[in-house]
Every structure is written in structure tokens, then in C-alpha cells.
Amino acid sequence: MSGVSRLGRALLSVYFWAFILFLFVPLLTLVVFAFNESATPTLPITAFSTHWFGLAFGDTELRNALLRSVEIGALTGLLATALGIMASIGLSAKRLHLRGLIVAILLLPLVVPYISLAVGLLILLKELGLQISLWAVLLGHVVIALPFAVLVILPRLRSLDPSMVEAARDLGSGEVTAFNLVTLPLLMPSLVSSFLICFITSFDEFAIASFLAPSGSPTYPVFLYSGSRTPGLLPELIAMGSLIIVFSLVIIVIAEGGRRWAELRLRGEAAEDAGTAAEPAGALAAT
Amino acid sequence: MGGEIRLERLVKRFGSFTAIDGIDLTIPAGQFFSLLGPSGCGKTTTLRMVAGFEQPTSGGVLLDGVDMAGIPPNKRNVNTVFQSYALFPHMKVFDNVAFGLRRAHVDKSQVKQRVDAALEQVQLTALARRKPAQLSGGQQQRVALARALVLQPEVLLLDEPLGALDAKLRRQLQVELKALQEQIGVTFLYVTHDQEEAITMSDQVAVMNHGRVEQAATPREMYEEPSTAFVADFLGVSNLMEAHATGPSGPGVALELGPGVAVEAARGDVAARGAVKAVIRPERVRIEPAGSGGPNRVPAMVTRSVYLGNGVRVIVHLASGQPIVALVSNTEGDAMPDWDPGTPVTVHLPSAALRILPVALPSTITEPAPTA
Amino acid sequence: MPESVSGGTPDRTPRVRGVRLRLGRGAFVIPPLGVVLLLLLGPVVLLALYSLNLRTNIPGTPTAFSSANWKDFLTGTGNPFRGRFFYSMKITVLVSVAVTIAAYPLAYFLAFVARRFRYVLLLLLLAPFFTSYLLRVVAWSDIMLNQNGLVNQTLWLLHVLPHGHGVSWLLYSNFSIFLVLFYSWIPFVSLPIFAVLENMDHSLIEAATDLGSNRLSTFWRVTFPLSLPGVIAAFVFVLIPTTGEFITPLYVGGPNNQLFGNVIQSFFGNSPDWNYGAVLAVSLIAVVLVLMLVFGRFLNTDLRQGEAGAGA
């Protein structure tokens, strides 16, 4: 349609699919070797076994590290999304002093190198006389996740017809009620996306966690690092890792599917026509 | 039944920009009242101040004598039909219409009754379970109407509600809206830039320009007796002519339209002398064969004629160069003269149709001293 | 700018201790702003102070303004950290260029060849990016590239190399760092290029063809130049985060392949000379800021605009 030659199309297709292969093979290997009976992930595959999964779930340290990451991730998701909503509301005000500067500051965590931020937070804790803790990790994660929340929520908020909130107020609701009944439901898809993105950002974050998590309470990424240096731990980590990989892929598919479903639901079933059959006979209602 | 709106010395500034430059206007209760004007004239800003979405910089908005200052929109007995309809897309039609009633904590059975009645009134009963995205533009507009009216406000504000609809549907809904207003008796404050809409629907019209009201009157008064050149030109088409008023002549004033062109004007400010502006509507201008005699007849030449179907628009030029547009109704059918360019004709400007515009704009208020 | 309401109408703007307060919706921005100021700018300021020796982590050490550490890092002859910095930047730029070039045909494929399924295939391309970064690195370091890893196994299977003799530079080398970084960023980088190609006015291409241009010429003279903003955005999207990269070298880098981020890490872990480390940390931030200033205008500035202004 845009004039790519037959040969060009073939070459580009090969190139694309080769890259897809390149991208997915390492992920595949994690899944494949998770079921490998042998303790070292090499060919040939000796036997099919699920005992690494059992070991992984039985390993309390691994489990605890995972739980810590899930907890911190969920809290990061909630807090960052809440702050993201606030930032979006504030940025959608008609007139805002120093709007450009505020946006720049809110998006700053996107560019600051996490290693510099991590050591900076370490210094901050020291100066405030505080010990390193998982709370500190949480706060660090909220800061780095916040820009993503804003980038997801703000455009969605902006796309809403401002007259709708005015209509709600016109019809008798206060500002807060109007927000809860009109704005929030319509924002919901973006809030879910924001939560997921912030969760993932926190769950996979290594730099800040490596400096601020106490040595006895590592998060999953920190545990993964020290564990991967230990040959004995490797199969368990691979098993757990394969689950995480599959889980994230499933989440992506669900999220995309869910997003499309939400759009459809928001606009009513597209299949139903604009009521020609149900139209009253009167000429006045005819369109 | 209340619903009278009074705007007193109303001024609205956004930073350094003055959107409303001083308005004094009374909108009587129970009327279909239009605010008419071009984009940017301030009509929507005025509407929003009545609704409560903007606060006046100075001056007052009074509903039935009560000053609305500081009263938020949700507490005013005024409801709005928005230009974009602003229906809640995630709620069914029924819930959209019920929204205001639920905010007022009306009990459930009452809610159902009133919503059903409102939907019946706009003929959408069958669509109550649909979502707005499944409705056509015209149907959405009705929902917006029902949603506002179900609350039984004293005043209904409509912000160019028919703008997004095609011409045929628009005409249909104009008739419906007018009938609805007459039926329920609520004051309708209607904003539009479409002068035909304003003329056909309104009891009274206020023409706005640059934040001021140029004239407020019934459609007929405004059309026949525009008080400014702007109003004359905004409502329908006018021929605007510079002239020199010399002295009384019969019931009116003697005018010189150009060297040797003398006519009599019997309407408007006939006491004015000197340089004046005269207007005459194209449909009142008569094209007669060249050489016709009689008062107020001027020789002219056809420059262009445009066939309109229901008439012909003939553009002629006087010897002085003054162009005059005439609208000749299609009463003769095939027997209409051709009026090719270059045809000499006589233009008859009946004195009863020739109006002298008042020299000064009837001023609404004097500007209050700046406060901030 | 407080709006005054005069003419006999009561002033209802809320007052706080006599000062007229107009908290519009804009005030909602304060909590998130506070969080960033405290938890981002705070640490950065502290880093700056430490780098200038105005504060220190070693108790009992006197603190006074001193730019000695800065001088040493920036101008000291043969400063190893400076050397490591340039090495880092070299790798960073190489990776960024390579990734951007490699991603272009992928984006082009999606936008022009895979018309009907392009969004599904885009999702397929992006999916790996949304799985755990660390796990992907582990896959390379412990399954693919290691001595008995898949790559070597495959080479043995194909008899390219005698069994047991692996390619030594597969792991803990410049190659491994380059490869893993390249691998990580390819999906993400395709996105801005795809977006630009997708939104391009295709009638321009048709016009070029209509005027007699052949396919290659059309691409080179119309499509590619118009897609440059996306290409530059993609380049910046890789460049900026990669300057601070230090995780990948931990897994797949040898002692000679550590990046600048690792150097910073060492100053705060093993030998706690926080003052010198702060110099390095601040330098890294400064470099990123400079890159942002230079390239920033190519990025999406949509968020800078406020809502449509007050109208009539």
C-alpha cells in the first residue's frame, strides 16, 4: 500500500521475525530450564521435572524476598497513582503559575540516573539520622514511579470533556461528588494502567533497593543478584523467574484485552445500532 | 412562576482581556430569550456567569431579585444544556437524567416517576437503557434537555445546543424547543450565533458585540428597526448607505445619497441632520424598468443577478458608485425579467422602508471606576 | 491574581488570617511536588554538598568547602575514574546508535508492511520489555552466554568449535555488555519511530510516487527525513538511561568492563568515601542534564501546554 516492493516486504518480515525470535529465546530458555531436572542449565535437557518449583516455593528466603517486593510494589502502585491523580488535577487547572517548571520537576525522576538517586537517598537518610529500611525503599520507588503515573493519567484526564464536570455541578453535585461520580469512573482505565506500571517499576528496581534495603530483608531483585552468584540457588531462581516471566506476559495480554473491553463497555455495545428499530413512529424523533 | 434574570452593570475581565464590558439587561420570566452575536462577543461568558461557572469581575447577576454572587452552580435553581451535551458516557440515559434528582436526595419512586415523565416529554422513553454513545446527535441533545428540565429549574440555559446538527434536524428541533418552552413556561436563555435561529424562536433577542449589548428587542423590532449598523448587518442583510440629511421632508427627512440623488426617509432618527447612515432591507428595494417616475426613485445599472430559486438577488450600482442589493421574490415564475449585467433600471427605495440609524449607540452603563 | 468583586456584592473568597487565599485546582500539585522536591532534589543537593566537602559521612572529620575532589576527578592526570567515564560514554553511544539503527526496520515493518496486525505485533515486540529486566539479564548471564551456556552448546552441536572449548569473550567482556544492553532496549526504542511512521501523512508518499519517484528514492527523500524526529527521540530514549547503567555490568561484565555507574556504586559500598563518590554521582547527573538540554526539545513536550485559555 505504501509501495514497499515484494522483496522489501519479505526482507523486512524476515528481519522482524528474526528479532522476535532473538527477543523471546532467552525468555523461553528460562521457562524451559525451569523444568529441567539437572541443576545446571545446559543442554541436553536431562529430564522433565517440576521439583525446582517446589524447592523455590519452599525456600523461605526467596519467598520472603518476593513478598517484600510484591508489598512494596503494590504500595508504590497505590501511592504513586494517588499522587499522580493529584498532580494531574493540579496540572489541568486553567491557569497555573510556573506550569512548565512544575511539569519539569515532576518528570525529573525519569532522567536522574537511579544509581545517583540511590546514593543520594543513602546520604539523605544519614543526614536525617535514619536507618536504612524498606520504608526508605518504598519512598524511593514512589519518587521514580510518579512520572509514569502522571504520564498515564494526565492525558486521559485532559481528554475528558470539561463540560461534564460542569454539568454534574450544574445538576447539583459539589466538586468532590462530581469528581467521584463522573471523573473517577472515566479515569479508571488509566488508573489501572498507572498501578501496573508503577508496580512493575518498583518490583524490578535494583539500584535503590540494593542500597536502602537492610541486608536481612532483601527485595526480590537484590535477592536475585546475590542468589545468581550462588550456583546452588540458580535453578530455584530460574524456576521462580520463569513463573514471573509467564505471569507478566499474561498480565500484559489481560491488560490489553481489559483495556479494549473497558473502552467498549464505556461506550455501550457497538453492535447495537442507534435504535432504529426502537424509534418511536413520530416524525419528531426521527433522525 | 419566577425566572426573571437581571444583569446589572456586569463586567468580566480575564487578566487584561475584557470579555464583558458592562451589560444591563433584564430577561423577563417565562420568555424565550436569545443572546445573539458573533464568536467572541461574550454571549457564552454571560451565560456561564448566570450558571455560576464564572464569577463577575464587577456587577451583579440577579435571579428573581436575589443576588447570585458567591452561590455555586450546584446551588442555583438554574440548569444548563451544554454545547457538547456533556452527557455522562458511563451512565445509561435513565441515570443521566436521574443524576440531579439523586443529588437532591429525591426518593427512589419519585425519581423513577419524574425521569419517566421527562423522557416522555422529549420522546425518548424507549431509549432509557441505552448509553449516550449509542444515540444520535439529536437524541443526545434531547437527553441533555430532559436531564436539565427534570429538575424543574426556573431558568434553562442553552449554549448553542443545535450547532452540531445538520440543517434539517436543526429546523425541526427549533420548532420543538419553542413548543416545549411555551408548554412548560420556564425562562429559556438561549445563546446562538445563528440569527435565523434567534429570530424564529425568541420572544426577545439581545444582540451582543465585543462584550456589550448593542440592542435588545423583539425580533420584529430588531429586524425592522435596528439601532446600530452592526445590528442592521447582523440580522439578515442590509444595505448600509452614507447619506447627508438636509432637512425635514414630509413625515421624514430629506436625504442626499449622492450628488443629485435625493430621497426621503421616513423611519428612524428623522431629526438627525448632517452625515448619517441609512439602511434599507434588500426585500424592500423595488427594481423597476428604467425611466420610471415617482418619489424615491433613482436610476441605476445592474451589476450582477444571482438566481436563488425562491427569488433573485439583484445587485445594482447607482451613478455615485453606491451598491444596492435587492431581493426580488419569485412571484412571476418564468415571467421574471432577466436583469443581465449592464441593464439600466430604476431603483425604488420606499421612504417607509428607509431608516436613519441613531447616531450614538444607546449606551447601557457608564464604566465603574476600576477597582483592581 | 485575586479577582475583586465590587459593586455592593459580598466578597466570599475564603480568607486565612486576613490574607486572601485562592486555592484553585492548581493546589493539588503541591503534595506530589513536595514528594519530588524532598526525595529527589533533596538528595541531589546533598550530593552536591558532599562533593564539595561541606558535609561528610565520616564522623569527626572536619568539613570545609573544598573543590579538591572535583579538581582531581576533572583534571587529575590519568584519573582512572575519568577514564572509566569516557569508556562508559563510548559504550553508551555505541549501544544507542546500534539500537536505533536496528530498530528502524522493525518500526518500518510494523507501520508499512504489517498493516492489519500492526498493533498486535507491536505488543508482541514490546512484551519482553515489560517482563523483568533482571531476569532477562540473568537469562543471558547464566543460560545463554556462560561457558556451558546455550550459545557455546549450539556451536559445539554444529561442530563450529570443538566440544569444551567455548568462545571466551561471550561473557564478562565488552561484547556481552553491548549485547545485553542492545537486547534490553530494542523493543522500547521501536516505539517512537513507529509512532512517527504511523502518524505520517501517507499521501505524501503517494504524492512522491505520483511525481515519478521510485521506491528507494521516496524512502530516502520523503519517508526517512520525515521520520527523523522519531529516530532522534528513540536515540535519546536509550542514551539517557544508559549513561547511568550499572546493573548489566554486574551480571555480564568483567573487571575491565565496569561502567561508570559501577564506579559510583563502589564508592558507597566497599570503600565508603562518600565525598569522592558524590563528585562522581553529581557528574553523572550533570552529564544527563546536559544531554537532556541538548536533545530534550526532540522529545514530546505535550505536557507543557496548559488547558485552553479562558474564552468568551
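The questions and answers below concern a predicted model and ask what its assignments rest on.

Q: Why is A:Leu98 called exposed?
A: A:Leu98 has 10 C-beta neighbours inside 10 Å, and a residue counts as exposed if 12 or fewer other C-beta atoms lie within that distance, so A:Leu98 is classed as exposed. The residue is found in the loop between α3 (60-91) and α4 (99-107) of chain A.

Q: Why is C:Tyr172 called buried?
A: The cut-off for a buried residue is 20 or more other C-beta atoms within 10 Å, and C:Tyr172 has 20, so C:Tyr172 counts as buried. C:Tyr172 lies in the loop between α6 (150-157) and α7 (174-199) of chain C.

Q: What makes the phi of A:Leu98 and that of C:Tyr172 worth a remark?
A: Most residues other than glycine have a negative phi. A:Leu98, which is not a glycine, has a positive phi of about 55°, and C:Tyr172, likewise a residue other than glycine, has a positive phi near 55°.

Q: Why is helix α11 (residues 260-268) of chain C called largely enclosed by the rest of the structure?
A: Eight of the nine residues of this helix are buried, so the helix is described as largely enclosed. The buried residues of α11(C) are C:Phe260, C:Gly261, C:Asn262, C:Val263, C:Ile264, C:Gln265, C:Phe267 and C:Phe268.

Q: What covers the buried residues of α11(C)?
A: The cover includes elements of chain A, namely α5 (114-127) and α9 (207-212), together with α3 (80-113), α10 (247-252) and α12 (274-295) of chain C.

Q: What makes up the side of chain C that touches chain A?
A: The contact takes 77 residues from chain C and 78 residues from chain A. On the side of chain C, the largest share, 13 residues, comes from helix α1 (residues 30-51) of chain C, and by class that side has 53 nonpolar, 17 polar and seven charged residues.

Q: Why do β2 (17-27) and β5 (66-67) of chain B count as edge strands of the sheet?
A: Four strands of chain B form an open sheet in the order β2-β1-β4-β5, with antiparallel pairing. Each of β2 and β5 has a single partner strand, so one side of each is left without a neighbour in the sheet, and both stand at the edges.

Notes. Residues numbered from 1 in each chain as written. Chains lettered and ligands numbered in written order. Predicted model: local features only at pLDDT ≥ 70, side-chain atom pairs only at ≥ 80, totals over all residues. Contact = placed C-beta atoms within 7 Å. Helix = DSSP H or I, 4+ residues; strand = E, 2+ residues; numbered from the N terminus. Nonpolar A, V, L, I, M, F, W, Y, C, P; charged D, E, K, R; others polar. Pairing = 2+ DSSP bridges.
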